Structure formats: structure tokens, C-alpha cells
Amino acid sequence: MAALSALMLGPVACASDESDTPAGGGNASGGASGQIKEGLSVAFLPKQVNNPYFTVSDNGGKSAVEEFKGEYKEVGPSEASASSQVSYINTLTQQGSDVIVISANDPNAICGAVNQARQGGAKVVTFDSDTNKDCRDLFVNQVTAQGIAENQVKLISDQIGGAGKIAILSATANATNQNAWIELMKTELKKPEYSKIELVTVAYGNDEDQKSFQETQGLLSSYPDLKGIISPTTVGVAAAARYLSGSQYKGKVALTGLGTPNQMREFVKDGTVKNFA
């Protein structure tokens, strides 16, 4: 809310040119005595609609927009492909949206459309997953990439006793945040305390439930001695848990990742998942 307010009030400096600056650490500045004018149209454009993570975050955005009596809307694709957001950005530009708040499926694919929106007068805020820094006015990060990497590796290591083969089930291959987290997980795994853990592959479920389910099945078919899976995406971790819960691997293959309590509750209660973030 503070970042969005500052953006509305005056000149904006990017919150960060780094991908791991957390929310609240930005440098957005504006008129101290100014007020946000009523009626500003603010559109939230998630990677995909009906994703549990974006349902929560966008509803938070709705509450914030209502505080300054703006006009809130959420639009977006049902699939998280690289260019799936472009047509929605173009429509919002044509509609004269004052602000577009977007979690980018790809750091490059939407830049042309986003810059057209900015040329048309819209302010563009990225959150969760950034574009290239030249394609937006402000980036609000929800967590440090390093923190995610350390947390996820520690969780899986604890569950598999610090040794064995693991795999990562990611969202899309182009997701800025996912790729940053994965690269730092690889670095984290080089630490001496994780020397007995081997990352065998990274699979991509494209933040689609059925594909993530099938990718989990494929991982266990290709690596029958797999000890654990990290899935740092709400759709992926729930789909992987669903597959494991009905398979011979339940209780034998550890699963952790990033999920929401509501979607993961049943899998914690039935013993498929011990812990997640």
C-alpha cells in the first residue's frame, strides 16, 4: 500500500534494481503532503487467474485500492505462458487504466505491451515476478530470493536426512522469480552441509495442475530412487502432493515447497507432506 501510494503521489524511483530486495525496502518517493485522488483505475494482472497465491495477493490489492476509493479490477490468463498477458495489457491500455499491477510470466515477452501502456499514461508496478527494470516504474518484492533458497533447501534436507537425490518442480521456464530461486538453490546445495544431496533435474509444470501432476509422475518414473521434491509454486506443490498421496511413494518421497495452508492441509494431515513454506 505504501509503495502504491508513493507511486500515485509523485516522482518514482525504482524500488530496486536487484531481484532480492524485499517489500518495504524500496526507495519510492512522493509528495509528503499529497493525497491520492479518488477514482484511479487500478488493474491487477497475475500470472494466471484462479491461482491460490494470486487470489490472496490480489484480494489484498483490492482492499488497498478501496482505501483510497479507487476502481479495482483483476484480469488475466488461465495459463501462465510467456506471452499470455500481452493481450490483457493491450486491453487495459485501450481502456485507459491508471495503474497496472502485474506479476510477469516472462521478463521480456511483455515489455513491448507494458511500455505502450506507460506511453499512454499508465504507471506499471510489478510484484512477485519482475520484468526487465526498464519495463516498469516500480518493483515490489515479497521476499528475498536468498531467503527462499535457504529455506527450501533446509526443509528438504531435514526431511531426507541430509542425503539423497532430489528434483525441483517449478512453474514456467521463463518465470523471473522461479529462475532466481532455483539458481540460488543450486548455489546453496554446494555448501558442505548439503554435499550428500544431489539435484538431478528441474521439471516445469507451467503452473498447470494436471501438467504438474504428470511431471511429478514422470520424475518418479525417471528417478525411482528419488528422495525428495521441492516445488516452490502453489499449483505445483499441491499437484505433486496429490500424486504422492495416492501412490506407492507416499511417506517414502519427501515433498516441500511454497503453498497455502488451505490447499496443503489435507496432505499434511494424511502424512504426505511434513512441512512446507
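Numbering starts at 1 along each chain as its sequence is written, and side-chain values use heavy atoms, with hydrogens and water left out. Because the model is predicted, local features need pLDDT of at least 70 and side-chain atom pairs count only at pLDDT 80 or more, while totals for chains, interfaces and linings use all residues.

**View A. Five strands make an open, parallel sheet in the order β2-β1-β3-β4-β5.**
Strands here are DSSP runs of E with at least two residues, helices are runs of H or I with at least four, and both are numbered from the N terminus. Two strands count as paired if DSSP finds at least two bridges between them. β2 and β5 (138-140) sit at the edges with a single partner strand each, so one side of each has no neighbour in the sheet. On average, neighbouring strands are turned by 20° against each other, direction ignored; axes are lines fitted to C-alpha atoms, for helices over the stretch in contact, and angles run from 0 to 180 degrees between N-to-C directions.

**View B. Here are two strand pairs from that sheet, β1 with β2 and β4 with β5.**
β1 (residues 41-45) runs parallel to β2 (residues 71-74), joined by four bridges, and F44 stands opposite E74 in β2. β4 (residues 123-127) pairs with β5 in the parallel sense over three bridges, with T126 opposite F139.

**View C. Another open, parallel sheet has four strands, in the order β7-β6-β8-β9.**
Its edge strands, β7 (197-204) and β9 (254-257), each pair on one side only. β6 (residues 164-170) and β8 (residues 226-231) share four bridges, and I168 has I230 as its bridge partner in β8. Helix α6 lies across β6, β7 and β8, at about 165° to β6. Helix α7 (residues 209-222) lies across β6, β7 and β8 too, at about 145° to β7. Contact means heavy atoms within 4.5 Å.

**View D. The second largest pocket holds about 310 Å³ of space.**
A pocket is an open set of points on a 1 Å grid over the protein atoms alone, where a 1.4 Å probe fits, with protein on both sides within 12 Å along at least five of seven lines; lining residues have an atom within 4 Å of a point. Volume is the space filled by probe spheres set on the points, which are joined across faces, edges and corners. Of the 19 lining residues, Y53, D128, Q142, W181 and L258 are closest to the centre. α6 gives the most to the lining, with three residues.
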